[in-house]
Structures are given as structure tokens and as C-alpha cells.
Amino acid sequence: MAVSLSRSNIVIFFISMSLVLLLALGVYASKGLLTHWLLVRGLEQEFVPQEANLKTALITAAEKASSAVVVPGLRLSTQPTSHEEKASSDLLRSLQDSLKFDNDNASILDAALVFPGGQSATATAITGSNLADIDWATKQLLLSGDVLHGAEEALRSGKSLTAVPDMTLLGKFGTNAVVAYRPADAAPGSPGLLILVDQAGILASLTPLIWSISAAIGGLCLASTVFAGILLWLRFYDQVRTNRNIQFLAHHDALTGLPNRAVFNARLTEALRLSQAKASNLGVMLIDVDKFKEINDTHGHGAGDVFLQIVGERLKAVFDGHLVSRLSGDEFAVMLTSVSDPARLTKLASQMIAATEAPCRIDGKDLKISLSIGVARASDGSWRASRLLHCADLALYRAKHSGRSTFSWYTPNLDADAQKRKEVEAGLVKALKFDQFKLVYQPQYALRDGSLTGYEALIRWEHPTKGNIRPDIFIPVAEDTGQIVEIGTWVLNHACKEAALWENSQRRVAVNVSPAQFIAGETQKHVAHALQASGLDPSRLEIEITESLLISNTDGVIETLRQIHEMGVSIAMDDFGTGYSSLSYLSLFPFDKIKIDKTFITSLGKDPSTDAIVTSIIGLGRSLDVSITAEGVETEEQAILLSAAGCDLVQGYMFGKPDLISKHEADYPVFPLNTSGGFWFPQQNMRSGKSPRIKLSPTLARNAKLVSGSADVQDGDDPADQDQTLEPARSSA
């Protein structure tokens, strides 16, 4: 491109110079033509008023020269005689006496009679036999020999008076000119008159006018040249600037101004070659903006662009002196050649994470910056750029799945994990195609009476060669690859179809919808299709969503949930308290159920702060008239504490592991049902007659509603001042 541009500029330069030269020649030629035209008009204006005197002098001279020998053709006389010399002298004297000019611009120097077919008489000695015998040219009175030929043509033209200035082809003017006169009504044999006059005076008088007009023409030409030059320069400059911009855009990101992927790869390849030659090391960091899509969806792409620019500025501030590049939409890369030891690389990564703690303010809103960083280091000369970037990408993947807003180093075992992930990704396509998935169900029990209210549908993958693959292995891969949408639709459709065939039509079925699967404006269509295709009563279906779903595109999510709720489907908030908990979400949408995450249930009764959180969530549910479900209940103590705190439903291994519906229905009831009212405390020791006493924390004891005969307070002390024990009531068989 640079070569072609250079050639184009050379051509433009030569064309411009040619135009300038042509303009200069045009100005010079126009000046000569203008001077010629003005001389002709000036001489003719001097002689036209004297035409009568010219005619008289011509007739007189012709009569006196009547004795001259006439030679056929238009020519001057031959060797003059004394009679001819006297006639020509008389002719010159007569012309000088009879012609009276108003100024001294024109003066007669010589004259000659030209007979069309015979003799001629001149005022000077003529030697020769034709027009060339006039010695005005030989005496250097005329610069151009074409002047006399021009005068001869003027005598033949039929015009009575014609001025022929002395001008060469190069535009140079002599001091004299020739005026040709022959009356328009002259007889065919009458002679013509050639008068040699001095044109210097007229030239001198015309010089100011000629120079003024020439200056004007030259100024116009110069202005045109300058204007054309400006246009050419603008085009050239615009072309240079465009080429510069093209070169910049070819090597830099238009949004952040950082070098792009091509530059980074080229510089990394060169740095690896140099490090191999110098036996040095270098490091690479891949940096990804966490949840950038949510920023675009929530605040708009304009805010997202500004967000990326701010991220780029912070990267340049932390990694000053190192190559920082933007590889793709929200992915950046840093090459570190002068800092390659692990300790300093770790320090820089930590500084970058710390630099994101301060939020960026866009359009009056504070946006949290969260970055995941993958770090890889080339320790010898065998590394290639593609391999180093691949290793950094594997480390980045680990960082993103380790909680985000952190960094991770590449280790060799990540290659095996990546290979497994690829196998899972390829296997998911076949699993959908060949129907390798199945659903299992985990029961949900009511703590009030121990009744089985419904099930939560859970997916399992039965691989033909590897057996059962856990959801925590393939679900993250499905979310990363986008296959979760198709898998989630499969779960929803099959859960509705199977629930519609259950013998007990009162059992409800709960289906999880992950944030990666949820699409505002589309999910309600999938739910409606599943209900219609299965014939399931909408009141038996429950959709579980997580809190993180509400933070992105809140308005669209809320509208979609409202449409699902209007179908008669229940909406549950899953994993409440573990993510982006906000009470404003509970006010934006009337959830039917809140599920307490199992991380709180695990330490229930062991950690006072956890007890406070659980009781607060249960109290919140009571205030909002929302059912509370506790997940991950595995011990009798946990169930008793939850029942005492007022929890509505429980699910966990204590009540049944995920299995087939037939298995759960055959095992029901797991514990004796409560038909007498009051509290129901599930326990395995009821059949043996043993009633274990459960020690309650002050928080749970304060919120427990004790039933007469089912619990007693130790020593009659106030429950707020000491620990409480609760004796489970015996359930009726």
C-alpha cells in the first residue's frame, strides 16, 4: 500500500508541475497576444482618421510612378531608376506632410508602393524582383520576416487598412510595424501602400495597461494555481492522514487506543525469540472483565464502551512500561518482559485486582469493576506465542470459576482439565441428540405435619461409557458454551410431562432456571409450551431462580416473571442470602417462596451469626406471607431447629436423596405423620422411645413457638438469658 501511495504521489507531483508550467506559458502567451491585439488596434486607430490623406498620397504616388515597368504578379519594382527614386522620395515626403497624428506614438519611417500586376515604386532603394527585396528586414528595421508577408496578405484581404505589428514567434516585439493600405474601392490594377512606422511609442503607452492586464491574468492564474495546489495538498494530506488512520486502526483498537491482537501476537513472537537468544523469561497475563454482558444489558452499550475505556486506562496505569493490548470485546492481555519472576508477576496481578476496588462512575452511577486474570510464564526457549496464550487462557478459566475478581497461575494439570472440558462439551451435543439425560427428584417435606408436598427436578447424565456424570461437572460447561438453554428446555419439558403422569396429582414439581438459561421475553414462552404440551396444571409447577438473575436487566426479568406468575405458576427465589441479596427485589416481585441455601443450614445451631441469619430470613418470609424452604437438611437436629424457628418446608438427604419418583413414593412417609396438630419433629429415635433433648441457641429459642407439653424451659429462667433445650413431642403413629 505504501509503494502504491508513493507512486500515486509522484504522479500527482509531476501533473501539478506540468499544470504550473502550462499556466506560466499560458500567461506569457496571453500577454503576447494581448500586446499584439492592442498594437493592431492602436495603429489602426492612429491611421484610420488619416485615411483620406492616405488615399490622396497613394493616388499621387501612383501617378508619378506610372512610368515604372510593371512585372506580372504582386511585387515591388525592379532596379529603381532616378525617376523612381524621386517618386518614392516624394511619396515619403507627401505622407509625412499629410499625416498629422494627435500624439507622437506613431511616426512614418519609410513607405513602398506595391502594384498588383506591374510596376512599383519605393521610397528607398529596392534591389531584387519580389517582396523580399524590401530591405527593411536586412537593415534590422523588422525582427520578423513574416511581417511583410502578413502585409501582402492584408493588401489582398479587401480590408482598406490593416496594421501588422513586428512580433516573433517567441512573443518578442520589435520597435517598428507595417501598415498596409489599399482602398476598398480601388480598381483592380491600382497599387497598395506599405508604411513602415515606429511602434515603440505605442508600445510604451500600452505598457502600463498590458502589465496591469497581464498582472490580473497572472494573479488569476496564480490564484487558480494556489487553489489547485491547496486542493491537491488537501487531497494529499487527507490521503496521508487516512493512510495513517488505516495504519493505526490496523494495529490498534479503535475504542481504547490499545494495540490489537495482531500487534500483541507479533510482539510476543519477537519477545519469545529474543528471550530464547538471551536465555531470559517473560510473562503473559490474560485479563477478562467479569459479567461485562450484564453491564451492556443493564446500562447500555454506550456505558459499556466507557467502562472498557476506564478499564484500559487502569491497566495502563498499573502495567506502565509493559505492552497492554485489547484482544477482543472484554478481553485484554499484558506482556511482561522486564518483570518475569513469579513473585513480581504475582505482585503486579495483585496490584491490578486492588486497582479495581474503586468503582467507576458513569452517568451518575457507580459500576463495580471485576477482573479475572490468568498468568502464564515462558521459562525456556521452547515456548511459542500460541502455546503461552493458551496456557494463560487456561489459568484465566480457572480464575473465573474460582469466584472471579481474582488471578490464577497456569499449572500443567490445567491441560488435563481443559481436555476433559472439551470431551464434556462434545459429549453434551451427543447427550441431547441421543437422549442420554434423565431426571431424578428430591422430595420436599412440610415441617408442620411431615407430609410430602412435592419434588425438585434434578438432571443426571448417563454417559454410555463413563457412567453417571455429576451435574457440577457438565452444567458449568453447558453454561459456558450456551448449551444450557437447550438443556434447560429439555428439563422443563420432561419435568412437566412426568409430573402430569404422577398418581398423586397434589404433588408439585420445582424446576431450576439458571441465569445463563433465562432469557427475558423468551423464557415465559418455553414455560407456556411445556405446560400446554404436558397438560400439567400450572399450579403444580414451580420455577426456581437465583438472586443473581435479578441484577441483570431487572425490568425485563421482572416482566417475564410476572407473565409466568400470571399463568398460575409459582416463583421461588433460590439460594437466598448467598449472592446479590437485596430486599428491593422482594418488593419488585411477589415471590411465592424463598429457599435458604444449604451453606447456612450446615452451621445451623453451631454459629450464632448463622442462626441470626436463618431466623431473619424466616421472619422475613412470615412478614411477606412467603413460604420458606430450607435446603441441605441432613440431620435431625437441623430439622428440629428449623421447625422451632418456624420454617415451612425442608429438603435434603435426611428426607431423601435425589432418586426416582417410585422410590420416594414407596418410602413415604419417611417419619410418622402428625395428625394431632401442634409441632411435628421428625426423629429416628421415636420408635425406640428415646427423646433426645436438642440444645437451642438463644436466637432460635427466642423465636421458637413452644407448644404446651412439648417443651419445657430449664430452671424457669428467661429464654433470653440462657440456652434452651427442647424435647421433641411424640407424633401419633
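Author: A salt bridge is a side-chain nitrogen of Lys or Arg within 4 Å of a carboxyl oxygen of Asp or Glu. This is a predicted model, in which local features need pLDDT of at least 70 and side-chain atom pairs count only at pLDDT 80 or more, while totals for chains, interfaces and linings use all residues. Residues are numbered from 1 along each chain as its sequence is written, and side-chain values use heavy atoms, with hydrogens and water left out.

Reader: What makes E270 and R273 a salt bridge?

Author: The N to O distance is 2.3 Å. The cut-off is 4 Å, so the pair qualifies. Side chains of opposite charge can pair when their charged atoms come close.

Reader: How far apart are E270 and R273 in helix α6?

Author: They are 3 residues apart, about one helical turn, in α6 (residues 261-278). A helix here is a DSSP run of H or I with at least four residues; a strand is a run of E with at least two; both are numbered from the N terminus.

Reader: Why is E270 called partly exposed?

Author: Buried means under 20% relative accessible area, exposed means over 50%, and partly exposed lies in between (1.4 Å probe, protein chains only). E270 has 36%, so it is partly exposed. R273, with 47%, is partly exposed too.

Reader: Is E152 buried or exposed, and what about R156?

Author: E152 has 14% relative accessibility, so it counts as buried. R156 has 53%, so it counts as exposed. The two form a salt bridge, with the closest N and O atoms 3.3 Å apart. Both lie in helix α4, 4 residues apart, about one turn of the helix.

Reader: What does helix α4 lie across?

Author: Helix α4 (residues 146-156) lies across β1, β2, β3 and β4 (192-198). It runs at about 20° to β3. Axes are lines fitted to C-alpha atoms, for helices over the stretch in contact, and angles run from 0 to 180 degrees between N-to-C directions.

Reader: In what order do the 4 strands of the open sheet come?

Author: The order is β1-β4-β3-β2, with antiparallel pairing. Two strands pair if DSSP finds at least two bridges between them. β2 and β3 (residues 173-181) have 6 bridges, so they pair.

Reader: What makes β1 and β2 edge strands?

Author: β1 (108-114) and β2 (161-167) each pair on one side only. From one strand to the next, the twist averages 20°.

Reader: How do you know that K466 and E423 link distant parts of the chain?

Author: Their side chains meet in a salt bridge at 3.0 Å, N to O. They are 43 residues apart: K466 sits in the loop between β13 (452-463) and β14 (467-469), E423 in helix α11 (residues 413-433). K466, at 52%, counts as exposed. E423, at 38%, is partly exposed.

Reader: How many salt bridges does a search of the whole structure find?

Author: It finds 20. D288, D290, K400 and R404 are linked in a network of salt bridges.

Reader: What pLDDT does the protein chain average?

Author: pLDDT is the predictor's confidence in each residue, from 0 to 100. The chain averages 78, and 80% of the residues score at least 70. Over residues 68-84 the pLDDT is below 50.

Conventions:
Contact means heavy atoms within 4.5 Å.
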